[in-house]
Amino acid sequence: MNDRISVARERETWELLPAVGVGPLRFEMSAAEVSGALRVPEPRERVGGPYSQENFAGGVRVFYDPETGGLACVALDAVLGPQVFLAGVPLAGGDPGRGQEFLLEYAGEHGHWILFTPDGSLALTDVGVLLRDQKVGGVRLTRPVFVKEEWFESQYYRDHLPLEHVTD
């Protein structure tokens with residue numbers, strides 16, 4: 001996953017906390033707690049929809065569980081969002097084919113569960129990582145999505161994971 005689009009600014013790095021969250025965000029946070037953790041008074045945009053999507057500056061999109069109201073999913077933009085590493089490999093902004101190969105190898109080496117979603121993305125369900133792709137200019141780049149484990153355990157949510165409304 002070394003093919004990168006260079007950007008003028010230094011991108012923030014967030015830590016992956018399997019089954020807990022990513023960066024300053026923890027699954028089951030309220031919308032107010034998410035805004036507080038991101039140090040902003042409110043999201044840039046509230047999209048609504050079945051998962052109450054909120055978009056924040058810096059390429060961060062969040063989705064809330066309709067049953068609990070808590071944070072259930074965090075999607076990071078391939079270029080603008082924070083970078084997250086898994087075993088030293090960056091998850092955002094890489095070649096999608098290489099990204100899927102890496103996740104398959106990682107799952108095999110560490111005994112993690114994998115899932116191919118209806119949109120053709122690959123997930124490590126017990127780690128909470130879903131690797132989608134995003135069109136940027138004339139290329140497709142990896143776009144990491146972090147999902148609470150309960151959604152991967154539920155047949156309904158596995159089949160209806162939120163799409164991030166990224167322009168294709």
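A residue is called buried when its relative accessible area is under 20%; Asp77, at 13%, is therefore buried. The legends below describe close-up views of a predicted model.

**View 1. Asp77 in the loop between strands E8 and E9.** Strand E8 spans residues 71–76, and Asp77 is found in the loop between this strand and E9. A polar atom of the Asp77 side chain lies 2.7 Å from the backbone nitrogen of Leu80. Leaving aside neighbours within four places in sequence, Asp77 is in contact with Arg11, Gly59, Ala92, Gln134 and Arg143.

**View 2. The salt bridge between Asp77 and Arg143.** The closest N and O atoms of this pair are 3.8 Å apart. Arg143 is buried, with a relative accessible area of 1%.

**View 3. The salt bridge between Asp119 and Arg132.** The closest N and O atoms are 2.7 Å apart. Asp119 lies in the loop between E11 and strand E12 (122–124), whereas Arg132 lies in strand E13 (residues 129–136); the pair links distant parts of the chain, 13 residues apart. Asp119 is partly exposed at 38% relative accessibility, and Arg132 is buried at 6%.

**View 4. The salt bridge between Glu54 and Arg46.** In this pair the closest N and O atoms are separated by 3.2 Å. Glu54 is buried, with a relative accessible area of 6%, while Arg46 is exposed at 55%.

View 5. Phe56 is buried, at 3% relative accessibility. Beyond its neighbours within four places in sequence, Phe56 is in contact with residues including Val34, Leu38, Val40 and Val62. Pro43 and Arg44 are also among the contacts of Phe56. The C-alpha atoms of Phe56 and Gly81 are separated by 9.8 Å, the two residues being 25 residues apart along the chain.

**View 6. An open sheet of three strands.** The strands follow the order E1-E9-E10, with mixed pairing. Strands E1 (13–14) and E10 (89–90) are the edge strands, each pairing on one side only. Strand E9 (residues 83–86) pairs with E10 in the antiparallel sense over two bridges. Phe85 stands opposite Pro90 in E10.

**View 7. A nonpolar surface patch.** Leu104, Ile114 and Phe116 make this patch of about 270 Å². Phe116 lies in strand E11 (residues 114–116) and is partly exposed, with a relative accessible area of 47%.

Note on methods: Residues numbered from 1 in each chain as written. Predicted model: local features only at pLDDT ≥ 70, side-chain atom pairs only at ≥ 80, totals over all residues. Heavy atoms only, no water. Pairing = 2+ DSSP bridges. Helix = DSSP H or I, 4+ residues; strand = E, 2+ residues; numbered from the N terminus. Polar contact = N/O pair within 3.5 Å; in protein donor to acceptor, adjacent residues only side chain to side chain. Contact = heavy atoms within 4.5 Å. Patch = residues over 30% accessible without salt bridge, like charges linked within 9 Å, V, L, I, M, F, W, Y side chains within 5 Å. Areas by Shrake-Rupley, 256 points an atom, 1.4 Å probe, with all protein chains shown as cover. Salt bridge = Lys/Arg side-chain N within 4 Å of Asp/Glu carboxyl O. Buried < 20%, exposed > 50% of the residue type's maximum accessible area, 1.4 Å probe, protein only.
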